[in-house]
Structures are given as C-alpha cells and as structure tokens.
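This briefing describes a protein chain together with its ligand. Please examine the sequence and the structure before reading the points that follow.

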Amino acid sequence: MSKAAGADPGRPFLRVDVLTIFPGIFESPLRESLLGKAIAAGVLEVAVHDIREHSDDPHRKVDDYAFGGGPGMVMAPGPIVAAAEALGEGPRRVVLLSPAGRRLDQPMVRGLAVAGRLVLICGRYEGVDERVAEVLGAEEVSIGDYVLAGGELAALVVLEAVSRLVPGVLGNEASLAAESFEGEGLLDHPHYTRPREFRGLAVPDVLLSGNHAAIAEWRRRAAMEKTRRNRPDLLA
Ligand code: SAM
C-alpha cells in the first residue's frame, strides 16, 4: 500500500516504510487529517508492507517458540529481515518499536524528521528475535513505559510526531517553536478561545488586553507553572 505520488526533488520530503503483520491498522490513520493531507501533497510518502509476504512457510507463519522455553511466541528474524532487505539499498534509519527501547522524546523526533527515509518495524507476540536489530542496524524505540499488544500504534505515534516536523506538513509551522518540549523545553502555556466566559470560568484578563509584552510574560509564567505542576522533571 504505497500512498504518495513521486516527490519533488526540491522539496523537503520523508519516506517511511512500515513492516507489520497487520497492514490494515494503518489504513484510516494514513487517509485522515494531517498524515492524509501530507501524503496527498507529496511531502510524505508511506508504504506499508506485510511481513507475512516474506515468510517461507506455506501458512505464512512469522512466529516460533522461544528458545529456553516460556510462554508466548517470538517473531522470527527471517521474514522481517527479508521484508527490510526487499526495500533495497540506501541510507535510512531503521526503528524497531519495542517497550525495551530508548524512550521517544522530542529531540529524538527532531532527529528522525531529518532522516529523509525511515523504516518502522512493528513487533507482536512476545516481541522480535533479538538478532533483527543487529542485522538491520535498527534502533529500538519505545513510546512509553507501558506494554502494547503490538508495534502498530507505536509506529503511528512515531510517524505522526515525526511527520509534523517535516516542512510543509503543518499548516502553521510558526506554532512549532512555541510547543511543549521546544525552545527552553517547558510545557506549552494554556490556550483559550471564545467564549470569554464558560461555565463561570473567565479567560485571564491579560489575554484580552492587547498588550503583547504582558501576554508574552503571562504565557511564560503560566508555562513555567504548568511544567512545575505536571512535569517537574523537565525543570531539573
Ligand atoms: N515481551 C515484551 C516486553 O515485555 O518488553 C513485550 C512485547 S509486546 C506484547 C509486542 C510488541 O508490541 C513489541 O514487540 C513492540 O513492537 C510493541 N510494543 C509494545 N509496547 C510498546 C511500547 N511501549 N513502545 C513501542 N512498541 C511497543
């Protein structure tokens, strides 16, 4: 399922290949909203590949029992490596989604966004044979300290976080600089829109004052306060 027209060589561009045994999971997210628009505009190209197509097994099996015993099956290295090698040569970063990987954060997202080409490998079952990462030179990446049933939703998290940093994907790129984790690394300040009062809660007066210096100062203090309350680790 390849989703984009050829890229214009003059434009920033990201090509992502996803390896999964559940390609259907990606259909709606790649059609809708930001990702759908970026693909339609040709700034982002995503191809989703079914690992089962690279299985030698007549039943397209991709998992096997764990050496050493224990419950659960392990994704065998052969079909995953064959699927990755079928993508051909060329520079790219290979990401193996795993709860045991390095935890995804905005600096990592920024690095991935300038890679030009990414391969995202989605595990299932008890995970992927350890040799896959070594053979493919893959970086193990976790989206957080919890365990999902598979790497597909994690791959979509990486894909969306990375794609919105590719120039041309977001409508208003100026807003990126003021977001959580950017600049000084604080959380974003609170946002308000109409109505001025909602359920008895009023928008802070300063935001209606038209005084840009005072608004900037209020936002900085509010961002600091929110960071202290919700994520004190970011201030350390
Ligand atoms: N046995 C593994 C462990 O305890 O670390 C969990 C395997 S999990 C059930 C199956 C697959 O889901 C993993 O191979 C990985 O691709 C994906 N996955 C689960 N949680 C994830 C997370 N927090 N970040 C990234 N991928 C995750």
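The centres of domain 1 and domain 2, taken over C-alpha atoms, are separated by 36 Å. Domain 1 covers residues 14–163 and domain 2 covers residues 179–235, with bounds that come from an automatic or database domain assignment. This is a predicted model, in which local features need pLDDT of at least 70 and side-chain atom pairs count only at pLDDT 80 or more, while totals for chains, interfaces and linings use all residues. Residues are numbered from 1 along each chain as its sequence is written, and side-chain values use heavy atoms, with hydrogens and water left out.

**The chain as a whole**

- The C-alpha trace of the protein chain spans about 70 × 45 × 30 Å along its principal axes.
- The protein chain contains eight helices and nine strands; these are DSSP runs, numbered from the N terminus, with helices being H or I of at least four residues and strands being E of at least two.
- Of the 236 residues in the protein chain, 40% are buried, where buried means under 20% relative accessible area, exposed over 50%, and partly exposed in between (1.4 Å probe, protein chains only).

- The ligand has 19 residues around it, and L97, G123, E126, Y146 and L148 come nearest; a residue is near a molecule if one of its heavy atoms lies within 4 Å of it.
- By class, this shell holds ten nonpolar, seven polar and two charged residues. Ala, Val, Leu, Ile, Met, Phe, Trp, Tyr, Cys and Pro count as nonpolar, Asp, Glu, Lys and Arg as charged, and the others, Gly among them, as polar.
- A backbone N or O atom of G123 lies 3.0 Å from an oxygen atom of the ligand.
- For E126, a backbone N or O atom lies 2.9 Å from a nitrogen atom of the ligand, and for G144 the corresponding distance to a ligand nitrogen atom is 3.0 Å.
- On its own the ligand has 580 Å² of accessible area, of which the protein covers 82%; such areas come from the Shrake-Rupley method with a 1.4 Å probe.
- Strands β5 (93–103) and β7 (139–142) are the elements that give two or more residues to the shell, and β5 supplies the largest share, three residues.

**Helix α6**

- Helix α6 (residues 152–163) has twelve residues, which at 1.5 Å a residue should span 16 Å; its end C-alpha atoms are 16 Å apart, in agreement. The expected span is 1.5 Å times one less than the number of residues.
- Nine of the twelve residues of α6 are buried, so the helix is largely enclosed by the rest of the structure.
- Among the buried residues of α6 are E152, L156, V158 and S163.

How values were computed. Polar contact = N/O pair within 3.5 Å; in protein donor to acceptor, adjacent residues only side chain to side chain.
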